Amino acid sequence: MDFTLSEPELAVDELAGRLFGDHASPERLRAAEEGAGPPFDRDLWTALADAGLLGTAVPEEAGGLGLGLVALARLLEHAGRTAAPVPALATLGYAVPPIVRFGTPALRDALLPGVLDGSTVLTAALAEPLGDPRRPATTARTEVSGEVSGAGAEGGGPGSSGAGPGPGGGWVLSGTKTCVPAGMIADAILVSATTETGAGLFLVDPAAPGVTRRAQRTIAWAVEAELELTDVRVAPTAAVGPLDTSALDWTLARATTASCAVMAGVVDEALRLTSLHTRTREQFGHPIAGFQAVRQRLADGFIDARAIRWTAAEALWRLDEGLPAAKEVAVAKLIAASGGRRVTRAAQHLHGATGVDRTYPVHRCYVLAKQLELALGGVSRQAAALGALLADEPLPA
């Protein structure tokens, strides 16, 4: 593939970099983190909406830019580089792609305008305690009779998309989801659940009866949500996409690779800060950047950072082009998880005591990288998935 960005992709990169740089200053980040509620910079989110960037991967016919995942990755990199408290990954990387791909016109009309103007926050609940996101323990069973309440009880609203069990019935969801990004501020949540025919996605109103949200404070200051579903009833059309596991796999591939794009921004910033620090920090009368051991660690970090960016770019490009990408997605997440860990550990080490100061930006890079490393499966799970894919390939003749 050609890694050269197109003019529209470069424009997204430049505009996103300027907006994140202007709004996500260390002072504003600390103010958001120390606030009473979940950290959310609504001013930055509104600025991104006003610039049209929240519609980067939304089709033009729906009011977006229609640029795809490669362009979206440029925005997500800047979100990672600044650790900005906005739900860019949750809304644009997790929830919007399956709604665009599998949602009915009525559902897209109900949700996408709010995403584009910044008034609607979406997310997806894909992780479970100790579970495999591809095989959710949360269940969705059909309800043959009775009144259906909750998300999308009326046609055309949230929860009104995709396949259903048939007229007059509905879905009843039960289970627990954990580490739902932006889960405490989301207006609608895509929930993965297992049915009789396979796993699928269901749109749930977080205010519906039977839904309980509990705040989970993370090491990266972000507030995620534990979502408990107790016989939550939704409309027959609450399923977003087919229920044969294909829609869930499709969504997980894009959500996983989008998180790698965020990681690329995180490690780039960690390296930049470390380069500045080592050029000005002196030991024995010389900048420590002149010491061979320091240069080697920075060089290794540079290689890791480029590997994270380009493996993510290849996976995103293949997904955009509709090409098989299961191996590329697993490789991208494996490289992002392992490389992100190495880079941010080296950055903290080379900063010395400054690196563990929670008010210094490099510490923010470290904790965000750790959170991204584990999201949707860390090194061991990605290595196992990649090994299984390689084992299934036929040997060359």
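Predicted model: local features only at pLDDT ≥ 70, side-chain atom pairs only at ≥ 80, totals over all residues.
Modeller: Residues are numbered from 1 along each chain as its sequence is written, and side-chain values use heavy atoms, with hydrogens and water left out.

Colleague: Which domains is the protein chain divided into?

Modeller: Domain 1 (7–93 + 110–119), domain 2 (124–144 + 169–243) and domain 3 (247–392); the bounds come from an automatic or database domain assignment. The C-alpha centres of domain 2 and domain 3 are 29 Å apart.

Colleague: How many residues of domain 2 and domain 3 are in the contact?

Modeller: Domain 2 gives 18 residues and domain 3 gives 16 residues, where contact means heavy atoms within 4.5 Å.

Colleague: What makes Cys179 a cysteine in no disulfide?

Modeller: A disulfide is a pair of cysteine sulfur atoms within 2.5 Å. The nearest cysteine sulfur to that of Cys179 belongs to Cys260, 17 Å away, so Cys179 is in no disulfide. The structure as a whole holds zero disulfides.

Colleague: Why is Cys179 called partly exposed?

Modeller: Buried means under 20% relative accessible area and exposed over 50%, with partly exposed in between (1.4 Å probe, protein chains only). Cys179 has 43%, and is therefore partly exposed.

Colleague: And Cys365, buried or exposed?

Modeller: Cys365 has a relative accessibility of 6%, so Cys365 counts as buried. Cys365 is also in no disulfide, with the sulfur of Cys260, the nearest cysteine sulfur, 17 Å away.
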